[in-house]
Amino acid sequence: MIRYFAAHPTAANLLMLLLVVLGIAALPTLERETFPEFAPQEVQVNVPYPGATPEDVEQAICKRLEDAIDAVNEVEEIRCQALENSASAVVTMTERGDFAQFMDDIKSAVEAIDSFPEEVELPVIEQLGRNDQVVNIAITGPLSPPALKAYAEEIKDRLQMLPLVSQVVLSGFSEHQLQVRVSAEMLQRHGLSISDLANAIARQNIDLPAGSVETRQHNYLIRFMDQQGTLQGLDELVIIGTGSGGEIRLGDIATIHDSFELDEEKILFNGRRAALLQVNKAKTEDTLRVFNAVETFIEREQQLAPPSIKFTLTNDSSTVVRDRLQILTSNGLQGLVLVFLVMWLFFQLRFAFWVAMGLPISFLGGLFIMSLMGQSINMISMVALLITLGLLMDDAIVIAENIATHLRKGKSAFHAAVDGTIQVMPGVVSSFLTSVAVFAPLAFLSGNMSKVLEVIPVVLIAVLAVSLIEAFLILHHHLEHALKNHEADKQPLFRQRFDGFIERLRHDLLGRAIDAVIHWRYLFLGLVLALFIASIGMLAGGHLKRVAFPDIDGDSFEARLLLPQGTPLW
């Protein structure tokens, strides 16, 4: 194969073109996200219990949930949090479990509980980790809270109409209410009680089916709808009527407020009341594409909105992905330029060019394999790509240097390319297998760490495998073509002086250093052993800390305050 590709005029070029085309075609299909997608393992159970204290919730809800879920197979952990008016339980599945079956078992166990208090509402069971947060949109302006929420809901509806935006969550407001406030004196003056007032309002807010009418051509469903959902509608409700036509309306005896259930449930953004739209994406969607669509939408809405209304993008998770992509791109370009310059110092310009071209060709082929395996461009896969920057160039440099050595022995460009590649093939393959042996075990770890680290060997081995194809089937053909008819070219003066400097450095400095090491071999081995023992001592003594991931300086912080129950917030 090596001889065939070196001799064939187009086979190597066609293979290189195939790798480039496949890689470019695969780029749009690769999703860009912060972390790789994990298989779902957690189920959340929310049980509303209106009017209950956390102690009541713990006794009446959490303990019953834990007893029922304990009987489900493949349960690794149960965490139940007792809150005021509700309980929230998170159930974690073991790694070997089937999540679909696990979800069904949890639903069956929870729905079979018949000892909840009567006031408990229906449990809500959902899968965790189905969506990832992309960016938040803070909307601020001189609007009342109800008007701000209504405006934010309009923006939310228009935002969800975008093809790339699948989920938007509005936060910053509790349940919207129309509150009727009446004084005890006013009730006594008209001979009313609170229950009388409530019944009068309820009688005039009806939404009930009233049967159906069947004709020969059509069937009609009849529904009685008389709901008052506005301030004006409630204000006009008749509370007391007399036979002479006199009426006392709700607005005559009460004050009606358009407000929210909990005044303290609010979001302040830069000191101003804000509505927050959280844009999420599904696991199969691209973070940067979703963010770009949201950013374009907000720029258009800001131009249409009144000057006092401000839209601000905050908590942007796409910056992490974008920064890592920029690091990968800049490092790749820097590596390509540096490899080209170093190779140019030792070899001809054509020679250095084709050696450096192995980097983008291998990367594009590796990206194609990543798309076939369902991988995405994320922080972990980009770390793997950064590692391969140094590894994959070693093979090309070794092959190129050996071809140049055979060329200096007087061989033709064709025989130098073939013989030089075949000679180092066992060593290059051994280097590849060594990298596989070092990184492959990361794919077989257990626990949450394995879900993160298993991406590294997959991506790294894919790119290195493509680099082997490029090194043995493409590189030597291009080097042979670059050196053909240039074997006897006279070296320029700069190259002659640089080669002379390297020869002197090798013989005078490096050679003497090696002679000294051989002469003092026992001392040298002792120093190496001492350094090894010292490094082990650094680990054993705790001087060198061991953590899963290093601490990274962030650009935000979060503070949580736990206050005694009943503490007023405003």
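Author: Happy to! Helices here are DSSP runs of H or I with at least four residues, strands are runs of E with at least two, and both are numbered from the N terminus. Please keep in mind that this is a predicted model. With that naming, let us begin at the loop between α13 and α14 (379-408), where Ser 376 lies. Is Ser 376 buried or exposed? Its relative accessibility is 6%, so Ser 376 counts as buried, the cut-off being under 20%. Setting aside neighbours within four places in sequence, Ser 376 is in contact with Glu 31, Glu 33, Pro 36, Met 370 and Ser 381.

Now step back into helix α13 itself, which covers residues 358-372 and holds Ile 361. Ile 361 has a relative accessibility of 2% and therefore counts as buried too. Which residues does Ile 361 touch, leaving aside those within four places in sequence? They are Met 16, Leu 19, Val 20, Val 466 and Glu 470. Ser 412, by comparison, is 51 residues from Ile 361 in sequence, and the two C-alpha atoms are 27 Å apart in space.

Helix α13 also meets helix α12 (residues 349-356): their axes come within 5 Å and cross at roughly 20 degrees. Angles under 35 degrees count as roughly parallel, and α12 and α13 are therefore roughly parallel to each other. On the α12 side the contact is made by Trp 354, Val 355 and Ala 356, and on the α13 side by Gly 358, Leu 359 and Pro 360. Sorted by class, this contact of α12 with α13 has five nonpolar residues, one polar and no charged ones.

Next come the charged pairs. Side chains of opposite charge can pair when their charged atoms come close. The count comes to nine salt bridges. One of them joins Glu 301 and Arg 158, at 3.0 Å from N to O. This pair links distant parts of the chain, 143 residues apart, with Glu 301 in helix α10 (residues 287-304) and Arg 158 in helix α5 (residues 145-160). Glu 301 is buried, at a relative accessible area of 5%, whereas Arg 158 is partly exposed at 33%.

Another salt bridge is formed by Glu 77 and Arg 79, whose closest N and O atoms are 3.0 Å apart. Glu 77 is partly exposed, with 39% relative accessibility, and Arg 79 is partly exposed as well, at 36%. Together with Glu 42, these residues are linked in a network of salt bridges. Arg 560 pairs with Glu 558, with the closest N and O atoms 2.6 Å apart. Arg 560 counts as exposed at 72% relative accessibility, as does Glu 558 at 61%.

Last, the rings. The count of aromatic pairs comes to four. Among them, Tyr 4 and Phe 5 are edge-to-face, with 5.7 Å centre to centre and 85 degrees between the planes. Tyr 4 is partly exposed at 48%, while Phe 5 is buried at 10%. Tyr 151 and Phe 311 have ring centres 6.3 Å apart and planes at 45 degrees, so that pair is tilted. Here, too, distant parts of the chain are linked: Tyr 151 sits in helix α5 and Phe 311 in strand β15 (residues 310-314), 160 residues apart. Both Tyr 151 and Phe 311 are buried.

Terms used:
Residues numbered from 1 in each chain as written. Predicted model: local features only at pLDDT ≥ 70, side-chain atom pairs only at ≥ 80, totals over all residues. Heavy atoms only, no water. Salt bridge = Lys/Arg side-chain N within 4 Å of Asp/Glu carboxyl O. Buried < 20%, exposed > 50% of the residue type's maximum accessible area, 1.4 Å probe, protein only. Contact = heavy atoms within 4.5 Å. Axes fitted to C-alpha atoms, helices over the stretch in contact; angles between N-to-C directions. Parallel < 35°, antiparallel > 145°, perpendicular 65-115°, else oblique. Nonpolar A, V, L, I, M, F, W, Y, C, P; charged D, E, K, R; others polar. Phe/Tyr/Trp six-rings, centres within 6.5 Å; stacked < 30°, edge-to-face > 60°.
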